[in-house]
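I opened this notebook to record, entry by entry, what I looked up in the structure.

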Amino acid sequence: MSINRVGENWGENTITWDNDRPRVYEFEYAIATPSYSENWVKFDITQLVKEWINGVYSNYGIMVSYASYSHPEKYDFHFYSSDYNAYPSKRPKLTIVYDN
């Protein structure tokens, strides 16, 4: 799985894999290989957040994808969306640790 920076505005309720997706940059800020058990996958996007804070890039969000640009093979992994109701504890979360 990989994390890529999104480069333009997009709408959570209007975007699909079939319509015009926003521009996503190939540079991968983080890559992770999930296990086959039900575990959290952790990504460290410190560098990207620093670039947002320092005004290097505008923050249009990130894209999480199954395959990365450098490892295009597909995996059969599943992850839950923020509106997953069966087990709310499995919804994705963002944890921010701020060190001054």
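**Entry 1, confidence.** I looked first at pLDDT, the predictor's confidence in each residue, from 0 to 100, and noted that the protein chain has a mean of 77, with 73% of its residues reaching 70 or more. This is a predicted model, in which local features need pLDDT of at least 70 and side-chain atom pairs count only at pLDDT 80 or more, while totals for chains, interfaces and linings use all residues. Residues are numbered from 1 along each chain as its sequence is written, and side-chain values use heavy atoms, with hydrogens and water left out.

I counted one helix and three strands in the protein chain, taking helices (H or I, at least four residues) and strands (E, at least two) as DSSP runs numbered from the N terminus. Along the sequence I read the pattern β-β-α-β.

I looked up burial, where buried means under 20% relative accessible area, exposed over 50%, and partly exposed in between (1.4 Å probe, protein chains only). Strand E1 (residues 2-6) is largely enclosed by the rest of the structure, because five of its five residues are buried. I then found that E1 and strand E3 (residues 62-65) run antiparallel and are joined by four bridges, where two strands pair if DSSP finds at least two bridges between them. On E3, Met-63 and Ser-65 form the covered face, whereas Ile-62 and Val-64 form the uncovered one.

Which residues make up the largest nonpolar core? I listed six: Ile-3, Tyr-29, Ala-30, Ile-45, Leu-48 and Trp-52. Strand E2 (24-31) and helix H1 (46-53) each supply at least two residues of this core. Such a core is a set of buried Ala, Val, Leu, Ile, Met, Phe, Trp, Tyr and Cys residues joined through side-chain atoms within 4.5 Å. Leaving aside neighbours within four places in sequence, I found Leu-48 in contact (heavy atoms within 4.5 Å) with Arg-5, Tyr-29 and Ile-62.
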